[in-house]
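The sequence and the coordinates should be kept open while reading.

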Amino acid sequence: MTAMQGLGAAIKRREDPDLLNGTAKFAADVCLPDMAHVVILHSDQAHAMIKGIDTTAAAAMPGVIRIFTGADLAGKLMPLVCIWKPAGVESHFPSHPYGVPGAQTALATDRVRYVGEWVAAVVAETHAQAVAALPAIKVDYEPLPVVIDAEAALKEGAPMLHDGVPGNLCAVVAYGDKAATDAAIASADVVIRQKVSIPRQIHHPIETRATLARYDASTEDYTLWTNTQIPHGNRFMIANLVLGIPYNKLRVIVPNIGGGFGSKGYLYQDAPLMLVLAKEVGRPVKWVDSREGVARTTVHCRGQEQYGTLAGGRDGKIAALSVTNYVNLGAYPATNGPGAPLVLTGRSVTGAYVIPHPFYEAHLAFANTVMLGPARGAGRMEAILLIERLVDMFAREIGMDPAEVRCRNMVPPDHFPFENGLGWTYDSGDYVTALDKALEKIGYGDMASRKTEARARGKRLGVGIGSYVTIAGVGPSARMGREGLIGSTWGSAVVRVHQTGEVTVITGSQPHGQGHVTTFSQIIAEQLGVDINRIEVIHSDSHGVPYGQGSFGSRTFSVEGAAIFIAAGKVKEKAIKVGAHMFGVAEDLVTYEDGGVRLKSDPKQVKTLQDIASALWFAWDLPAGMDPGLEATSYFDPEDFNFPFGTHAALVEIDEQTGGVEVVRYVGVDDVGIVGNPGIVEGQLQGSIAYGFGPVLSEQVVYDDGGNLLTGNLDTYPIPRPSEMPSFELSRTVTPTSMNPMGAKGAGDISQPAVAPAIINAICDALSDLGVRHIDIPATPEKIWRVMQGQSK
Amino acid sequence: MSQSAYAAPAKLDEIVGLLAGNPGAHLLAGGQNLLLEPRRSQITGSLLVDLRNVPGLAAIQASAGGGVRIGAMTTIGAIADNAAIRDVSPVLAETAAIVGDAQVRNRATLGGALVAAEPGSDLAPVLLVLGVVLEITGPKGARSLDASAFFTGPGKTALAPAEVITGITIPSTVTGAAYERMKDPATLYAVCGVAACVVLSQQGAIARCQIAATGSTAYPMRLPAIEKALTGAKPDAAAVSAAAGAITDDGGFRGNFYASKEYRVHLTRVLTERALKRAVARATT
């Protein structure tokens, strides 16, 4: 039976009955006796001094327990922190008393810097009473000039946001050899220049942020229930850098999470604030955000202004790539805000290609908007869209098929490990095979007749390719440290076999919908032959477990999973020693198979894992010098990242009159190495594509010039429905990696970057005879209509 | 939502009485608009009056003269699925089938959709071109109202305080009608939608036509200029195209960051042409 449950088996997810039956508990479901409710007053000003806050009338409203402003919190908590300090360059951040890069304060004190910034917290008996009191709080603002994008913020004379950040410049970071790249561009036959604007997007997981905090005055213990992707990181930052309390006085528990997509991988203001409020009012307090709150106070993502130059020859060979990127980090840095636009975009812009002379430069600025952070496909989506657009434009310029240009420049299978010139070492791959499969599946050779047929129906048909290489498996800790992360990214696991034969796995990962419990159970089933129903997976509670890094960056299976695999291997080694001892034979005469230690000479003779765990529990007769108990701990720090890859292809039809675009077919060929659960991997790959659709066709954050968010709810921020997407036709190739013992690469967010180029290249293909070279995302019907009219919007 | 009082009487006159006696009260039908509003803090009333217990309000039945009467509490989904409606007015059933999404269609009601008077309502322009008559009951008794007189502004209607729509009647079979739209990807309302209804003379000219727009205009409204231009004309492609192309922004159009006014005017022309062509083809056959 267990053979059907090991790695490679597409078993159903163990998590799903609880989720599908509606019995699963989320942060907002957790209630404590005597709990009070907190509602936050957001700034309606993008940039203003706070001259005064009058809470008198609001405090007298029914049910209001207390109202807190920034002034009430003086000395009780420090600003939040940014744990990504760009390495090797001068950088500037808001200040923090400990000298680390600072971020926003839980509540604004003298000044607000974006619409949505937290200004006051109402604690009341009920949520409705707290909401009712909000309008009665009177804030006296003195407006300041507003700047909402990076390039404007970096101009001379722009309004300054922070005293310690001259010219709003966080940092300028460069990778590659600029002089050599410029020289290669200058001497090239063909040079393509294109600005690619990638607007901000909002993650919008189904579940908003939510936090419940309790303080026990007798023990001075704090407990936090919150939906963070990094529970241990929250504990560490809150205790040591924000509240200044002993680390072991704070417990962080994460219930089920209703999606994160990267938006919950931070320390936000609610977590430390609720802990302080719980202590101040002497009662547990709960805060649950609204959908508008998600748009205004949870990070946004993407948001890059890229100036790309690609140079090459008429033979289709790319010679050089130069990119200058402007990125608005928001009014304050998010916990890891600088990471994605620097490393994830910057080192990834060469995509799947051998580019002899690459150069990347990013200018990070602060401006009067919500903070910026990574999202599914973080940084790489922006990089892959840019390179895939430039490659297509290059192909059209030299009159060569875009697929042929890709083929001529892709890293060949015998060139691995391959250094891309901007700091990545691609571990393994066969890029051309994935490309060929995708082309074959979409019927690439047969487009001319289809275009003619579509035109007869008033439609313009186009085909587009998105080839990608995506860094995953975050990551090697020392390397992350060199990039600027003030932290570590190894995996951790404990595997404990109880005397009953059941197994407990403790993981440092943090599942928020990906099916980790199932996949991790399969690792144990594979290694130890234990039925998955006898395996429990503990996670997301800092109490009594080793530090865990959480889930992000397509790291879980290949890093945290590897830690479990290794720990289970250690358990197996010990079990073999004990099993041989129980048989009274030498170790080399036994083997571990199908749930127990067997005599090689007579495999029917078996000491089951339960027999062995029991013997180690009694400890009456163990090999000399062996400790009792059957468990192992593993910390796995990979040697390097892993690099999944693939090619997607899209077929679009554009209405010639309205500009409306329909994606009629979507094909993906992905390679994530060896997989744990193919069903779960397929789900992740499908989800990545669905997540990629929104930004291409409809999603975008829009601010007006005054810094007001025009897309602050779901009436104005369009997330595509499944009915607007075709069936995704997916297949995989399998190229293992040597970066972990399972040969697995990341899968959670690696193919999202392919979606935008596949669809946008298809749209540009459909419009190419009109002279359209480029269209920025989102390709809304009006934008397409305008380019068809020869206008640019 | 703060705690609201709730009443669900079984008699229409009690409903009207409660509405008349509680000026802040709100009428609850399918709740697809009303239940969004408390979240947006726009509801000030303290009494919800639910129509669900009034018998017969969801009935669909044949009316005198070969038409069909549809009760106000009929869900949009039921309209889409009803054979009698499909016979009498295919365009209404077709349009109902593309309103919102399945969950919305299963809850939202015809009456609620009318009263909400959403600027991008899909059903509104269709009802405007079909010669629909609304049945209304209020403190002063029952009255009928031509649908064309119902929408008076964005979110505004000709209903007096405490009046309730109880049903609509499509007077006779109308096959020469069509609806075309492009939807807003966020709200699923129409960015632009155009309904056209055409009756041809025995000589094959356009004897009568009604055209109404939604989404692109500030509220669902008829387009009298193009109706007038086409009346008496031959319904050939050139005439239809010329008439649709003559639509201009007379001040009634709207725009936002997703779709500008200029683009919506363009869409109105394109979709008018398409709706008219389909309507004419259906009128002929």
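How many bridges join strand E19 of chain A to strand E20 of chain A, and do the two run parallel or antiparallel? In this predicted model, strand E19 (residues 491-497) and strand E20 (residues 503-507) of chain A are joined by five bridges and run antiparallel.

## The four-stranded sheet of chain A

The pair E19 and E20 belongs to an open sheet of four strands in chain A, in which the order is E21-E20-E19-E25 and the pairing is mixed. At the edges of this sheet are strand E21 (535-538) and strand E25 (630-636) of chain A, each of which pairs on one side only. From one strand to the next, the twist averages 15°.

Helix H15 (residues 516-528) of chain A lies across E19, E20 and E21 of chain A, and runs at about 130° to E21(A). Helix H17 (residues 609-618) of chain A also packs on the sheet, where it touches E19 and E25 of chain A, and its direction makes about 100° with that of E25(A).

When residues up to four places away in sequence are not counted, Gln527(A) touches Phe565(A), Ala568(A), Gly569(A), Lys572(A) and Tyr592(A).

Ser540(A) is found in the loop between E21 and helix H16 (556-583) of chain A. Phi of Ser540(A) is near 65°, a positive value in a residue other than glycine, and with a relative accessible area of 3% the residue is buried.

## Two helix pairs in chain A

Helix H10 (residues 380-398) and helix H11 (residues 402-409) of chain A pack with their axes 8 Å apart, at an angle of about 115°. Because angles of 65 to 115 degrees count as roughly perpendicular, H10(A) and H11(A) are described as roughly perpendicular to each other. Their crossing is right-handed. On the H10(A) side the contact involves Glu388(A), Val391(A), Asp392(A), Phe394(A), Ala395(A), Arg396(A) and Ile398(A), which meet Pro402(A), Val405(A) and Arg406(A) in H11(A). By class, this contact has six nonpolar, no polar and four charged residues.

For helix H18 (residues 678-697) of chain A and H19(A), the axes come within 8 Å and cross at roughly 45°, which makes H18(A) oblique to H19(A). H18(A) passes H19(A) in a right-handed crossing. Among the H18(A) residues in this contact are Ile689(A), Tyr691(A), Phe693(A) and Leu697(A), while those of H19(A) include Val755(A), Ala756(A), Ile759(A) and Ile760(A). The residues of the contact divide into 10 nonpolar, three polar and no charged.

## Backbone details in chains A and B

Most residues other than glycine have a negative phi, and most peptide bonds are trans. The bond from Phe416(A) to Pro417(A) is cis, with omega near -5°, and Pro417(A) is found in the loop between H11 and strand E16 (418-419) of chain A. The bond from Ile777(A) to Pro778(A) is cis, with omega near -10°, and Pro778(A) is found in the loop between helix H19 (752-766) and helix H20 (781-788) of chain A.

In chain B, Ala162(B) has a positive phi of about 70° although it is not a glycine. This residue lies in the loop between strand E9 (156-157) and strand E10 (164-170) of chain B, and at 13% relative accessibility Ala162(B) counts as buried.

## His127(A) and its contacts

His127(A) lies in helix H3 (residues 127-133) of chain A, and is partly exposed, with a relative accessible area of 38%. Leaving aside neighbours within four places in sequence, His127(A) is in contact with His37(A), Val39(A) and Val288(A). The C-alpha atoms of His127(A) and Lys286(A) are separated by 9.0 Å, although these residues are 159 residues apart along the chain.

Technical notes
Residues are numbered from 1 along each chain as its sequence is written. Chains are lettered from A and ligands numbered from 1 in the order in which they are written. This is a predicted model: local features need pLDDT of at least 70, side-chain atom pairs count only at pLDDT 80 or more; totals for chains, interfaces and linings use all residues. Side-chain values use heavy atoms; hydrogens and water are left out. Axes are lines fitted to C-alpha atoms, for helices over the stretch in contact, and angles run from 0 to 180 degrees between N-to-C directions. Angles under 35 degrees count as roughly parallel, over 145 as roughly antiparallel, 65 to 115 as roughly perpendicular and the rest as oblique. A crossing is left-handed if the near helix is turned anticlockwise from the far one by less than a right angle, and right-handed if clockwise. Contact means heavy atoms within 4.5 Å. Ala, Val, Leu, Ile, Met, Phe, Trp, Tyr, Cys and Pro count as nonpolar, Asp, Glu, Lys and Arg as charged, and the others, Gly among them, as polar. Two strands pair if DSSP finds at least two bridges between them. Buried means under 20% relative accessible area, exposed over 50%, partly exposed in between (1.4 Å probe, protein chains only).
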